[in-house]
Amino acid sequence: MSLTTTTKLHNGVEIPVIGLGVYKVEAGTDVYQAVSSALEQGYRHIDTASFYQNEEGVGKAIADSGIPREEIFVTTKVWNDEQGYDNTLAAFDRSLNRLNMDYVDLYLVHWPVPGKYKETWKALETIYEQGKAKAIGVSNFLPHHLDDLIQAATIKPMVNQIELHPQLAQVETRQYCKNNNIIVEAWAPLGKASYFDDPVLQELATKYNKTPAQIIVRWDYQNGIVTIPKSVKATRQQENAAIFDFELTDEDMEKIDSINQDKRIGFHPDEFPY
Ligand code: NAD
């Protein structure tokens with residue numbers, strides 16, 4: 001087990017279970033260095049978005065790495081003001097251009113913009129059928145959005161990327177996705193490093209001789225959740241991925257479950273200022 005460990009999406013595409021997120025990593029040198037260093041550590045999955053305004057640097061770091069394109073899993077997303085059928089097709093082409101690639105591995109609807117996301121999804125289906133995205137999915141969709149989307153869709157989303165960490169365990173959405181063969185990806189998996197002092201995380205970190213970040217990423221892994229922790233520092237990138245040499249007991253998994261408070265850091269998808 002390593003950073004090349006994958007899980008299968010419902011269309012058979014394999015997604016590495018740990019990736020590097022690059023939200024708020026500055027375009028240019030910063031993102032180039034963060035991605036280059038992650039690839040050197042063995043990461044093979046990078047999560048960006050048109051909203052992050054750093055796709056060029058991501059693409060350049062991948063191109064310069066010397067690693068064959070097909071060995072790296074690249075995700076990008078269509079932003080809220082780019083949604084609708086024609087707009088999304090155009091937004092996708094702009095992302096591909098910035099990445100300097102001829103396909104992405106996963107293209108996501110970033111947020112369920114009311115009145116728009118079903119048309120946006122049709123565009124993703126077109127892009128998928130053209131082979132320009134190996135997989136398509138959504139982000140920040142609650143069960144009611146998924147119900148609405150799936151009713152109108154030809155292709156079911158393969159992924160739902162949601163805010164998910166021990167204080168926001170997303171039990172209901174995870175169950176919905178499991179029932180519908182949708183792989184859940186956790187954004188802000190580390191809770192943006194805001195509660196590593198939690199007593200349960202501290203206790204388990206001591207018990208397993210690991211860090212709170214590693215306890216959380218391992219909890220995700222044992223739950224079948226794909227994670228994309230963000231760090232620009234090589235040492236932390238390495239730390240966040242060194243989770244394949246220990247196993248949390250069922251009892252300890254439940255202890256982490258007990259941290260849940262349904263507490264968000266980001267917007268509730270029904271309250272986003274679209
Ligand atoms: P995160 O939970 O990954 O926390 C990142 C922060 O934690 C970093 O800024 C870093 O300072 C700190 N950190 C990382 N590793 C650490 C370690 N080992 N020890 C101590 N501190 C550490 O939060 P995030 O960046 O918001 O989320 C991860 C990724 O998820 C993003 O980069 C982005 O790709 C994605 N994301 C998606 C959405 C969405 O709407 N789809 C929203 C936010 C983020």
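So, is Asp93 buried, partly exposed or exposed? Asp93 is partly exposed, because its relative accessible area is 35%. For that scale, buried means under 20% relative accessible area, exposed means over 50%, and partly exposed is in between, with a 1.4 Å probe and protein chains only.

Before I go on, a word on what we're looking at. This is a predicted model, where local features need pLDDT of at least 70 and side-chain atom pairs count only at pLDDT 80 or more, while totals for chains, interfaces and linings use all residues. Residues are numbered from 1 along each chain as its sequence is written, and side-chain values use heavy atoms, with hydrogens and water left out.

Okay, back to Asp93. Its salt-bridge partner is Lys132, and the closest N and O atoms are 3.8 Å apart. That pair links distant parts of the chain: Asp93 sits in helix 3, Lys132 is in the loop between helix 4 (117-129) and strand 7 (133-139), and they're 39 residues apart. By salt bridge I mean a side-chain nitrogen of Lys or Arg within 4 Å of a carboxyl oxygen of Asp or Glu. And the helices (H or I, at least four residues) and strands (E, at least two) are DSSP runs, numbered from the N terminus. Lys132 counts as partly exposed too, because its relative accessible area is 24%.

Take Lys207 and Asp252, with their closest N and O atoms 2.7 Å apart. Lys207 is in helix 7 (residues 199-208) and Asp252 in helix 10, so this pair ties together parts 45 residues apart in sequence. Asp252 has a relative accessible area of 1%, so we call Asp252 buried.

The other one stays inside helix 2. Lys60 bridges to Asp64, closest N and O atoms 3.0 Å apart, and the two are four residues apart, about one turn of the helix.

While we're on helix 2 (residues 55-64), look at its buried residues: Glu55, Gly57, Val58, Gly59, Ala61 and Ile62. They pack against helix 1 (29-41), strand 4 (45-47), strand 5 (73-78) and helix 3 (85-99), where contact means heavy atoms within 4.5 Å. Just after the helix, Gly66 takes a positive phi of about 80 degrees.

Next, Thr227, over in strand 10 (residues 226-227). Thr227 counts as buried because its relative accessibility is 1%. Leaving out residues up to four places away in sequence, Thr227 touches Val17, Ile18, Gly19, Ala186, Pro189, Val217 and Asp220.

Then there's Gln238 in helix 9 (residues 234-241), partly exposed with a relative accessible area of 49%. Gln238 and Ala38 are 200 residues apart in sequence, but C-alpha to C-alpha they are 7.9 Å apart in space.

Last stop, helix 10 again. Glu251 lies in that helix (residues 250-257), and at 57% relative accessibility Glu251 counts as exposed.
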